[in-house]
Amino acid sequence: GPICSRRSMMIKTASMLPSKPAWAWAAAVAVAVLALSVDAAAAVEREESFVGNSSYYGGIDPSWRDDVLKTALHKLVNNHTQLQYGDLWKAFSVLDEHMPGCSDTAVKGMYSGICWTYPAQQCGNYKREGDCYNREHSWPKSWWGGFAKGQGAQTDLFHIVPVDGYVNARRSNWPLGEVDPAQAIYKSRDGALLGPCTSPGYSGTCFRPPVQFLGFFARAYFYVSTSYMGMLECVQGTAGVCGSNIAPWMEAQLRLWHDAHPVSDHEVLMNQLIYEELQHNRNPFIDNPHWVDLISDF
């Protein structure tokens, strides 16, 4: 269908990076220069994709900062098509295919790295890692008082992702943060960790997603904080957030992950498909990662 055709074209485009013939690089120094050139070309290509979305952000003044910028983005991205909860299974089958390590017809879970078959392996009951996958509110719905109080966040694909049901249950609603692997009380197949938090400012239990998704989850949290700015209930006893506001210690950790793990090709593709085919809004921090630095408080 149109989604599959567009997706294939975008994947092909995202993977086309310029290269030079081997004979043109005779010395080791020249090889190093080539590597730098490829990195720069990839950055330029991704930056061009952001420019291509400039019409969506036409009302955003690049001089705006902090609450002025965040409020403007809130008004822009919160205006979206709200999906039904049951629609998310089908959406996963479109958005989470083509991820590294899985075939074009499998849904990759973001906590265990397992390639799931849609719809056969949807949860369901589970007893161990690998039994089935489900719909994970990466910003837990208990943090805003339950599903019915989500103001649209309860079905928002920018933070709800397919994950292993058992690992999801182990994560529970613990905040995100760094965990020392040697001290972890649980480790998933793909390197998700649960245990004492080593992020400065918090010493309780934390959940750290697999390394390859740390940037994704950071940008998902910045999106939720912005899209649902002032709309979510502050639940007493929640360690990582209060309403739509991220606790300073966790925000500092998310900023580190955002900086260390740049936007991936899969995020670019996912962002475009959500915009074109599903919710008709975008994650501005995928399109414009530098905007994170222009907002001092999420």
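In which sense do β3 and β4 pair, and over how many bridges? The two strands pair in the antiparallel sense, over five bridges; strands count as paired if DSSP finds at least two bridges between them. The structure is a predicted model, in which local features need pLDDT of at least 70, side-chain atom pairs count only at pLDDT 80 or more, and totals for chains, interfaces and linings use all residues. Residues are numbered from 1 along each chain as its sequence is written, and side-chain values use heavy atoms, with hydrogens and water left out.

The secondary structure of the chain amounts to 10 helices and nine strands. Helices (H or I, at least four residues) and strands (E, at least two) are DSSP runs, numbered from the N terminus. Of the 298 residues in the chain, 48% are buried. Buried denotes under 20% relative accessible area, exposed over 50%, and partly exposed the range in between (1.4 Å probe, protein chains only). Among contacts in the chain with a separation of 6 or more, 67% involve residues 24 or more positions apart, a contact being heavy atoms within 4.5 Å. The accessible surface of the chain is about 13400 Å², and carbon and sulfur atoms contribute 56% of this area. Accessible areas come from the Shrake-Rupley method with a 1.4 Å probe; for residues, only the protein chains shown count as cover.

Strand β4 (residues 160–164) is largely enclosed by the rest of the structure, because five of its five residues are buried. A separate description applies to β5, β6 and β7, three strands that form an open sheet in the order β5-β6-β7 with antiparallel pairing. Its edge strands are β5 and β7, each of which pairs on one side only. The pairing of β6 with β7 is antiparallel and extends over four bridges, with glycine 195 opposite cysteine 206 in β7.

Serine 188 is located in the loop between β5 (186–187) and β6 (193–196). The relative accessible area of serine 188 is 8%, so this residue is classed as buried. When neighbours within four places in sequence are left aside, serine 188 is in contact with Tyr111, Ser112, Glu129 and Val167.

One runs from tyrosine 118 to proline 119, with omega near 0°; proline 119 lies in the loop between β2 (115–117) and β3 (133–137). The other joins cysteine 123 and glycine 124, with omega about -10°, and glycine 124 belongs to the loop between β2 and β3.

Aspartate 66, although not a glycine, has a positive phi of about 50°. Aspartate 66 is part of helix α3 (residues 66–77) and counts as partly exposed because its relative accessibility is 32%. Histidine 280 has phi near 65°, again positive in a residue other than glycine. With a relative accessible area of 39%, histidine 280 is partly exposed.

Helix α8 has 14 residues and reaches 19 Å from its first C-alpha to its last, close to the 20 Å expected at 1.5 Å a residue. The expected span of a helix is taken as 1.5 Å times one less than its number of residues. Buried residues of α8 include His266, Glu267, Leu269, Met270 and Asn271, and also Gln272, Leu273, Ile274 and Leu278.

For helix α7 (residues 248–260), the 13 residues should span 18 Å at 1.5 Å a residue, and the end C-alpha atoms are 18 Å apart, so the two values agree. The buried residues of α7 are Trp249, Met250, Glu251, Gln253, Leu254, Arg255, Trp257 and His258. These buried residues pack against β7 (205–208), α6, β8 (241–242), β9 (245–246), α9 (284–287) and α10 (291–294).

Serine 227 is found in helix α6 (residues 214–227). With a relative accessible area of 0%, serine 227 is buried. The C-alpha atom of serine 227 is separated by 4.6 Å from that of histidine 74, a residue 153 residues apart along the chain. Leaving aside neighbours within four places in sequence, the contacts of serine 227 are His74, Val77 and Asn78.
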